[in-house]
Amino acid sequence: MSEDPFDEIEQMLAAMFGPQVAADAVSALRASGIDPAQLTQMTGMGDLSRLTPAQLGGLQAQMQQLFAGAGGGEVNWTMGQDLALRTARGDGDPVITAADAEQTRNALAVADLWLDAATDFMPAPGPREAWSRSQWVERTMPVWKDVCAPVAQAATSALADALEHQISRLPESDGAAAQMGALGKVMRSMAGTAFGLQLGQAIGELGRQAVAATDVGLPLTREPGTALVPTNVTAFATDLEADAEQVRLFLAVREAAAARLYAHVPWLRSQLLAAVESYARGIVIDVDAVEQAVAQVDPNDPEAIRRALESGMFAPQETRTQKEALEHLETLLALVEGWVEVVAARALAPHLPLAVALREMVRRRRVQGGPAEQVFARLIGLEFRPRRVREAARLWERLGAELGDAERDAFWRHPDVVPTAAELANPDDFLTMRRAAQDMDAEMDADLASLLDGTLGYADGARDADVDGAGDDDEGGSRSEGE
């Protein structure tokens with residue numbers, strides 16, 4: 001068997017497209033950042049010398065289907081999900097046992113009972129489930145596709161253009177046009193494959209750490225419900241050196257609280273995902289940087305290739321639209337996280353001695369940069385680290401203390417009512433500012449009404465007095481004339 005896995009791939013491509021096309025394709029494949037070991041494992045390629053003609057033909061068909069899955073420069077989601085699953089299982093993915101499922105359902109049921117005393121939002125509909133790491137990947141992948149698709153398509157197209165540009169510089173030969181056409185299709189497929197693999201690697205890493213369905217702040221499932229990942233919950237408790245049962249209940253309350261919020265605030269999910277999409281669609285790919293990275297990387301050094309792909313060659317150019325979308329997204333995520341913190345803390349206080357300590361540990365984990373931030377920073381330059389979670393938590397605490405749970409939660413009833421970024425910057429003055437704004441609106445409404453009925457500018461009762469006075473003058477004038 002060859003020491004270089006790319007040799008195996010080149011032999012396969014040579015059988016499909018010819019030796020010259022295969023050599024050029026492998027050169028570009030190296031530059032695309034694909035790990036050859038992962039690729040050969042996915043396709044099932046081993047020592048080609050040991051394969052029968054029938055097996056070789058089957059592998060050729062598989063390779064063609066593999067690269068065709070990212071035709072037109074689109075992301076190869078199939079390969080991405082396959083790598084995500086294998087990455088998530090990398091250090092073990094125990095099957096969910098009946099005991100795991102029962103413990104998780106009980107924890108989520110208890111969480112809903114405790115939350116009834118902390119919020120007027122009813123429990124989220126849908127099942128209470130225990131997921132393996134693989135199930136977390138499979139259940140959340142559709143939403144990851146929605147979130148990542150806009151920038152993934154732009155980045156894939158830029159990488160494909162850069163690879164094709166390199167191909168166009170190759171010396172012409174007999175049949176060059178046909179070779180270039182075939183190779184161009186391969187390049188676009190490889191670009192989609194490269195980005196699909198990057199996406200899958202990142203989501204797989206997240207699947208090894210995520211403890212729940214709403215662990216990243218976003219609602220990562222399309223259907224309502226609550227779920228925990230028992231393997232990751234146990235690992236989380238071990239890292240904190242905390243009691244596993246208390247950690248499970250703590251995380252169950254947070255998951256159930258977030259699920260209630262998304263279930264009963266129908267506009268929230270769409271606004272969050274729309275903000276992510278708006279930000280992603282505004283990304284401008286630096287094509288020159290892509291070409292420079294592809295041209296300068298040593299194709300014989302896979303690690304250098306990988307570093308180049310992750311060094312910012314897909315870095316966004318922040319436009320005004322992007323900044324506005326990012327501010328809106330950060331504000332909503334901070335408000336969600338702050339609300340979940342406050343409601344969970346109230347629900348847990350009478351029952352869980354470790355609740356306060358666990359809350360601070362989760363905060364530190366978020367500040368240091370959790371798995372969600374790493375995923376989005378790598379893929380689309382977007383960091384999901386809400387900067388004002390403490391301010392948001394303080395705001396929700398004050399609203400609950402001064403107005404009660406029902407009035408606090410009523411601020412979620414409409415996107416025009418929820419606190420803004422400017423208000424979140426001054427949480428202690430929120431109610432004062434809102435009441436002042438309401439008083440000003442009421443005054444403007446009264447002035448408008450006065451303008452419409454002709455009383456604007458008159459003090460209370462002044463118009464009536466003037467009207468009465470005018471009547472007396474008329475009567476007086478009449479009497480004078482009569483006299």
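Buried means under 20% relative accessible area, exposed means over 50%, and partly exposed is anything in between, with a 1.4 Å probe and protein chains only.

A quick word on the ground rules. This is a predicted model, where local features need pLDDT of at least 70, side-chain atom pairs count only at pLDDT 80 or more, and totals for chains, interfaces and linings use all residues. Residues are numbered from 1 along each chain as its sequence is written, and side-chain values use heavy atoms, with hydrogens and water left out.

Rings of Phe, Tyr and Trp (its six-membered ring) pair if their centres lie within 6.5 Å; planes under 30 degrees apart are stacked, over 60 edge-to-face, and the rest tilted. That rule gives five aromatic pairs. Two of them are set out here.

| Pair | Centre distance | Plane angle | Class |
|---|---|---|---|
| Trp267 and Trp412 | 6.3 Å | 35° | tilted |
| Trp396 and Trp412 | 5.2 Å | 20° | stacked |

Trp267 belongs to helix α11 (residues 266-281), while Trp412 is in the loop between α18 (405-410) and α19 (421-424), so their pair ties together parts 145 residues apart in sequence. Helices here are DSSP runs (H or I, at least four residues), as are strands (E, at least two), numbered from the N terminus. At 11% relative accessibility, Trp267 counts as buried, and so does Trp412, at 1%. The other pair brings in Trp396 from helix α17 (residues 389-403), 16 residues from Trp412.

**The core around it**

A nonpolar core is a set of buried Ala, Val, Leu, Ile, Met, Phe, Trp, Tyr and Cys residues joined through side-chain atoms within 4.5 Å. The largest one has 87 residues, and Trp136, Leu268, Trp339 and Trp412 touch the most other members. Helix α14 (residues 320-348) supplies the largest share of this core, 13 residues. Contact means heavy atoms within 4.5 Å. Leaving out residues up to four places away in sequence, Trp339 touches Thr119, Phe121, Ala257, Leu261, Trp396, Arg408, Asp409 and Trp412.

**Over to Arg208**

Arg208 is in the loop between α8 (176-207) and β2 (226-228). Its relative accessible area is 32%, so Arg208 is partly exposed. Setting aside neighbours within four places in sequence, Arg208 contacts Thr87, Ala88, Asp91, Arg133 and Asn232. Of these, Arg133 is 75 residues from Arg208 in sequence, yet the two are 6.2 Å apart in space, C-alpha to C-alpha.
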